[in-house]
Amino acid sequence: MAVVDAGAALRGNLVSRLRVGNPAAVVAFAVLGTILTLGIVVPFVAGSGDVAQEYDGLLPPSFDHPFGTDRFGRDVFLRCMAAARIDIALGLAVAVAVLLVGSLIGAVSATFGRGVDAVVMRATDVLLAFPGVVLALVITASLGKNPWYAAIAVVIAFIPLLVRLARSKALEVRSADYIAAARLSGASTWQIATRHVLPNSFKYPFVQSTLVASWAILDFAALSFLGVGVQPPDAEWGAMIAEGVGDNLLGSWWPSFFPGLMILLTAASFQVIGDWLDRRLR
Amino acid sequence: MSLLTVRGLSIQTRTGVSLVRDLSLDVGAGEVVGIVGESGSGKTMTALSLLGLLPDGVHVSAGEAELEGRRFLDGPRMLARPNATMIFQNPTAALNPTMRIGAQLVRLLRFLDRSGTDGSAGRRRGDVRERAAALVSSVGIADPAAVLGRYPHQLSGGMNQRVMIAMAIAARPSLLVADEPTTGLDVTVQAQILDLIRATVAQHGIGVLFVSHDMGVIAQMCQRVAVMYDGEVREFAAVDDIYHRPGDAYTRELLASASDHPRPEEVADGTRAG
Amino acid sequence: MLRTTGKRAGVALVSILGVAVLTFFITQLLPGDPARIAAGQYASEEQVADVRAKYGLDQSVPAQFAQYMGDFFRMDLGTSIRTDQPVRDELTSRLPATLELGLTALLIAVLLGVGLGVTAAVHRYRIGDRLVQVFVVLASATAVFWIALVAITTLVNGWGIFTSPTGRLPRGFAPPEHVTGLYVVDALLAGDPATAGAALRTLLLPALLLGVLASPSIVKIVRSATIRALESDFARTSRSFGYPARSILFQDGLRNSLLPVITNVGLVAGFVLAGGDVIIEQLFAWPGIGGYAYSSLQENDLFALRGYVIAIGVAYVLINTVLEFVYGWVDPRVNLAEGS
């Protein structure tokens, strides 16, 4: 093969990485951006819809109330938008927390090996013995019904997943030549774990954390639906659906339908972005 | 009359990158014809195209091919399945990892029995497993029963290549395409496999298209050889002629890099690595 | 082989012990006060003290732990605050309902997952594949409690396709004689096809919802494994002999792509038997252990909830251990690699 201009190849590669070039990802970014923008702007402009009896109860969707009003005469659209901030921020916060804690533990576990690794692996074994929601459920139930506890519970439920992933990628990195070089040059194991192994194995957990954001939104909404997360009258998609169950069974579908649609759109967007990142960064 | 004739074969990717351009060659019955070239020269694509095995996104864009006087390839269209079989590089991966060797042979024999249209159908009756065992011992495997009960990953690469050859013969082809069949095998095993292919040619009188990057192996096996570089045949002639009177600059370079004493003026050019 | 068997059993035992210990730590040691939670928000200090004394929460932590582990080894999951019944008995009597729902959902998830995964692989990078991908994204982004509500509104109340979500049988049907505890099976055994049909119709909607939402992970795995198999060297060998497409799909494609499904079934089982099950059972008034967990949660019955969590954790460990054995037994390569 003829000698290739390495610089040109690298530039081409970078450009193609940054270009979106995937219609599904464009749509996902647009949907997420719209929901987030509305979630920030609408409550400022029109209020968060928390005032009860402001309008007539259970008005079907109309021009004035695109998502209708709920049993207490609150505008469902305004509440959905107010909830968007909370749910998306929470999904992202959980993803970041899980990513940081999980990949640090994974990298340390892989780099130190032996005892540390064995303890970490057994601990994740035990945590993974519970389906995520059930673990989060019992943690929240024990701590008390509170959205912060629910968020922490969701973080704990997802950490073992990221630890496993980060560890397996870190094990691959650990055997690389430059790690041996760092070791020969006298770096401590902790330095190797945090300065070499972690940065170089970070990519895969990072991609995975986008999916964690999606699952976290679903699980957090589920906890609120079950009554251990956000408590009424605060607006949160899962809690809003729980409030709308009774109306739904009596024929008023909108108070519970639209919050669920928001969950679907948001979680699906994170999924698509995650898949896209996965293909881009691989 | 030649057994296989290929004329003007061109292969492209979906995006229009040309992999093989205007390739012509022929193979006679009982003859072993080689294609030699470095990786990326298009030799494997040529071999795969003859059996309609090109990977997704790669296709024949022009050219035609005949086997025993019957046209089977016309540009992008495969007109018929040629009576040809193929053995591959990395024989262990070429066998199904979740099926025992015996089951894979039985699968082939049953398929051949069902689709067999030649007059030998009557002779093929009898216990499939016995026929499988006979087939395996015909390629020099000493303990057929043991091998039939094994999975590919439990056998050596050489043993798996023998199995592949047994399967390739079972289909009674008139042409065998061998794509780097000994690359990656130990030198002694390599010699055994080459012997087996030679014996097979002698016994069945079939033609072989033998693809390799190794000029030494080509010289041992083939009567004639096509030298490929960057998708084109640079030279197609008898091995003796190519060896002693190479007509092309690239052929000389290839010979030099294969022999023990390369001529410095021809390899120090620096434009070509690997 | 024997060594790996022992090793796997050991890991399973350690995990089960871990489940017990972890559950104790979560329910008894976290900053929350179980007695106060159990007694209720508006209970007086005396009521809280009563609860504390009754359930041994006034003792030292080591003493509580010893008591708890002793109970655990005697398979005693404690007493429900709400019903004053042994939690183990309550869970056992409700288990068949959950198994009937969960196993049906699991079956649906596997059939749908394999079917769609293979379809996507056969039509890879083309329209059929894209449609399956859309399904995967939507199904994995759908909240189970929301789609259940939508389904009840439309399929049950709107169009009357399914029976009302009122338990395991419509009104007017008596439960069949108890043999397996699975109503459809028991009714068939009792020679009562009408009851079996009614039970199946009632079962179908919640099982479909759980199964469909659990299927995306199977679709993904089957799709990528089948594509890998169909583009493999051995599939190319099969094509070189001219085997029919169906033979290549089944013998080379599916055979090699079903292996990873086995390991994934554990994860899916976690959803259909526990995570999604709690919500679905509540919405469909299904009298299983998920509905029990939901009621316990609503009534602050921490001990019943703890018993449920232990049971789920142990079941999950056992399922995954069994699946590991099955995997080793089905895939010839695993045994060789670990046996040597």
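The model is predicted: local features need pLDDT of at least 70, side-chain atom pairs count only at pLDDT 80 or more, and totals for chains, interfaces and linings use all residues. Residues are numbered from 1 along each chain as its sequence is written, while chains are lettered from A and ligands numbered from 1 in the order in which they are written.

For chain C, UniProt (unreviewed entry) places the feature "transmembrane region" at residues 12–30, 101–122, 134–162, 198–219 and 308–330. UniProt positions are given here in the numbering of the model, with feature names shortened, and annotations may be inferred rather than shown by experiment. Residues 101–122 of chain C are 100% helix and 0% strand, with end C-alpha atoms 31 Å apart. Residues 308–330 of chain C are likewise 100% helix and 0% strand, and their end C-alpha atoms are 32 Å apart. Helices (H or I, at least four residues) and strands (E, at least two) are DSSP runs, numbered from the N terminus. The unreviewed UniProt entry also gives "domain: ABC transmembrane type-1" at residues 95–327 of chain C. That span is 79% helix and 0% strand, and its end C-alpha atoms lie 26 Å apart.

Chain C contributes 39 residues to its contact with chain A, and chain A contributes 37 residues; two residues are in contact if their C-beta atoms, placed from the backbone, lie within 7 Å. On the side of chain C, the elements giving two or more residues include helix H1 (2–29), helix H12 (245–283) and helix H14 (302–330). H1(C) supplies the largest share of that side, eight residues. By class, the side of chain C has 28 nonpolar, 11 polar and no charged residues. Here Ala, Val, Leu, Ile, Met, Phe, Trp, Tyr, Cys and Pro count as nonpolar, Asp, Glu, Lys and Arg as charged, and the others, Gly among them, as polar.

Within chain A, the axes of helix H3 (residues 76–112) and helix H6 (residues 147–174) come within 6 Å and cross at roughly 40°. Axes are lines fitted to C-alpha atoms, for helices over the stretch in contact, and angles run from 0 to 180 degrees between N-to-C directions. H3(A) and H6(A) are therefore oblique to each other; angles under 35 degrees count as roughly parallel, over 145 as roughly antiparallel, 65 to 115 as roughly perpendicular and the rest as oblique. The contact of H3(A) with H6(A) has 20 nonpolar, five polar and two charged residues.

Chain B holds an open sheet of six strands in the order S7-S8-S9-S3-S10-S11, with mixed pairing; two strands pair if DSSP finds at least two bridges between them. Strands S7 (84–87) and S11 (232–238) of chain B stand at the edges with a single partner strand each, so one side of each has no neighbour in the sheet. S7(B) and strand S8 (residues 175–179) of chain B run parallel, joined by four bridges, and B:Thr85 has B:Leu176 in S8(B) as its bridge partner. Helix H5 (residues 157–170) of chain B lies across S7 and S8 of chain B, at about 175° to S7(B).

Another open sheet in chain B has five strands in the order S2-S1-S4-S5-S6, with antiparallel pairing. Strand S1 (residues 2–13) of chain B and S2(B) pair over seven bridges. B:Ser2 stands opposite B:Gly28 in S2(B), and B:Leu4 has B:Val27 as its bridge partner. S1(B) and S2(B) form a hairpin with four residues between them, and B:Gly16 in the turn has a positive phi of about 95°.
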